[in-house]
Amino acid sequence: MKIGKNSVVTAVYTLKDAQDNLIEEGQEPMVYLHGGYDNVFPKIEEALEGKEKGFSTIIQLNPEDAFGDYDAALVKVEPRERFPSPLEVGMQFEGMPEEAEDAEDDDNAHIFTITDIADDKVVLDGNHPLAGIALRFSLTVEDVRAASDEEVAHGHVHGAHGHQHDEDDEDDEGMGDEYRSHPLH
């Protein structure tokens, strides 16, 4: 089967930066619903379109094709007393960028990571850890199958390595998926 719209692709991958430094070697295969569902970067979908099981490639993604350019405006320094104790570098909090703090639109919410703690100040960074970095994905397609009607309707893969729905999900009138399945970009 060829990879196309509404197919489920299973691929093993290795992620490196442009200098060939290993960032991540996927412990589990990447499994996604192909066809513009924002489950994987568009350049990866483009490179895999029409390919079959066994296909291998290296895909170069510039920052704008992956996690975006580094945005210094997403770095904030906040008073230490605004945070709970204990507080450690690497902890994450959801917040709004400065320019969106007055807006009522929750779509601008970011995850901020603590990058430094001084006596009375905390430095938060709302950039993705890989923002501003050119990436190389080495991919090998392990499997391709037709997506189920339910997967297409939900816009993501179900089952092994995919999204699992609890029986209670149906009672939530579809509200739960937006909090469990997040696009990469």
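Which residues do ring pairs link into a cluster? I looked this up first. Ring pairs join Tyr-13, Phe-41, Phe-67 and Phe-137.

**Ground rules.** This is a predicted model, where local features need pLDDT of at least 70, side-chain atom pairs count only at pLDDT 80 or more, and totals for chains, interfaces and linings use all residues. I number residues from 1 along each chain as its sequence is written, and side-chain values use heavy atoms, with hydrogens and water left out.

**Aromatic pairs.** I searched the whole structure and found four aromatic pairs. Rings of Phe, Tyr and Trp (its six-membered ring) pair if their centres lie within 6.5 Å; planes under 30 degrees apart count as stacked, over 60 as edge-to-face and the rest as tilted.

I took Phe-41 and Phe-67 next. Their pair is edge-to-face, at 5.1 Å centre to centre and 90 degrees between the planes. It links distant parts of the chain, 26 residues apart. Phe-41 is in the loop between strand S3 (30-34) and helix H1 (42-48). Phe-67 is in the loop between strand S4 (56-61) and S5. Helices (H or I, at least four residues) and strands (E, at least two) are DSSP runs, numbered from the N terminus. I checked burial too: Phe-41 has a relative accessible area of 1% and is buried. Buried means under 20%, exposed over 50%, partly exposed in between (1.4 Å probe, protein chains only).

Then I looked at Phe-83 and Phe-93. They also form an edge-to-face pair, with 5.3 Å between centres and 65 degrees between the planes. Phe-83 is in the loop between S5 and S6, Phe-93 in strand S6, 10 residues apart. Phe-83 is buried at 14%, whereas Phe-93 is partly exposed at 23%.

**Charges over rings.** I count NZ of Lys or CZ of Arg within 6 Å of the ring centre and within 35 degrees of the ring normal. Lys-51 lies over the face of Phe-55, 5.3 Å from the ring centre. Lys-76 has its charged end over the ring of Phe-112, 5.0 Å from the centre.

**Second largest pocket.** Strands S5 (75-79) and S6 (92-95) each give two or more lining residues. S6 gives the largest share, three residues.
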